[in-house]
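Please have a look at the structure before reading on.

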Amino acid sequence: MKITLDNIENLAWEKMQNLIPCIVQDKTSGQILMQGFVDRAAIEKTLKTKMVTFFSRSKERLWTKGETSGNTLDLVDISTDCDADSILVLANANGPTCHKGTTSCYNSAESSDFGFLAELEQVIASRKNAAPDSSYTASLYAKGIKRIAQKVGEEGVEAALAATVKDTEELKNEAADLMYHLCVLLQASDLNFSDVISVLKQRHKK
C-alpha cells in the first residue's frame, strides 16, 4: 500500500507499539541504504517535506536524515508491506548515507548486478570534467559527442556481428563495450539510465 497523509492511521501502530521499522532503498541502484524507525509524526514530516525523517530512539525525537551532515535522503516513494507493519522508502541520496562515510550502512554487502550499473554510471559521470589524460572516459568526453556517438555505433555493429557468428564470449565483451559507451553518450547528453528506464516503464504500461 502506498502511504499518504490520509491513510497513516491504517498502519499496524498498536501491533508495533507505535514505532514501525523503515527500510530505505536507493531509487536508482536498488541498494539498501539504511534502516530506522518511524512514528506517525515522522511519516507526516517525510511526506510534507519530501526529506526522509525518522524517530530517533536514542534522542527521543524526530530526526531528519542529514540534518547535521547534509547527507539528506530525498523521498521518491513510501509504501508499506502486506501486513502494514514495515515500511519501504525509495529515495535519492545526497552523499553517503552511513555515518561512517559509506554509501550504505550495509556497505560490505555485494551490490546487485543492476546496482553495479548505477555505480559505474556514477564513476563515468564523475569524469566528465576531468583532465583528458586522466582516463579513457575523460578523453572520450574531450573528443566530443560526435566521437562518442561514433563509438556507440561501432560497438553496436561489433556486438551484432558477434551474435551473428554465435560467438557468445565475444558477444558478452562487445555488449559490455556497447553499454559502457552508451552510458558515456547519455552522460554527455545530460541524460542517464534512469531516463531510459522511465521510457521503458511507460511503454510497458501500454
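This is a predicted model: local features need pLDDT of at least 70, side-chain atom pairs count only at pLDDT 80 or more; totals for chains, interfaces and linings use all residues.

In soluble globular proteins, nonpolar side chains tend to be buried together.

**Nonpolar cores**

- The largest nonpolar core holds 22 residues, and V24, I43, I87 and V89 touch the most other members.
- At least two residues of this core come from each of β1 (20-26), β2 (32-38), α1 (40-49), β5 (73-80) and β6 (87-93).
- Leaving aside residues up to four places away in sequence, V89 is in contact with C22, I23, V24, Q25, V52, L75, D77 and I78.
- There is also a second, separate core of 11 residues, with I124, C183, V184 and L186 among them.

**Largest pocket**

- The volume of the largest pocket is about 500 Å³.
- Its lining counts 20 residues, and K27, T28, F193, S194 and I197 are the closest to the centre.
- β1, α2 (113-126), α5 (168-188) and α6 (193-205) each give at least two residues to this lining, and α6 has the largest share with 8 residues.
- By class, the lining of the largest pocket comprises 9 nonpolar, 6 polar and 5 charged residues.

**Second largest pocket**

- Of the 20 residues lining the second largest pocket, D26, S29, T103, A118 and Q122 lie nearest its centre.
- Here α2 supplies the largest share of the lining, 6 residues.
- The lining of the second largest pocket divides into 5 nonpolar, 12 polar and 3 charged residues.

Notes. Residues are numbered from 1 along each chain as its sequence is written. Side-chain values use heavy atoms; hydrogens and water are left out. A nonpolar core is a set of buried Ala, Val, Leu, Ile, Met, Phe, Trp, Tyr and Cys residues joined through side-chain atoms within 4.5 Å. Buried means under 20% relative accessible area, exposed over 50%, partly exposed in between (1.4 Å probe, protein chains only). Helices (H or I, at least four residues) and strands (E, at least two) are DSSP runs, numbered from the N terminus. Contact means heavy atoms within 4.5 Å. On a 1 Å grid over the protein atoms alone, a cavity is a set of points where a 1.4 Å probe fits but cannot get out, and a pocket is an open set with protein on both sides within 12 Å along at least five of seven lines; lining residues have an atom within 4 Å of a point. Grid points are joined across faces, edges and corners, and a volume is the space filled by probe spheres set on the points. Ala, Val, Leu, Ile, Met, Phe, Trp, Tyr, Cys and Pro count as nonpolar, Asp, Glu, Lys and Arg as charged, and the others, Gly among them, as polar.
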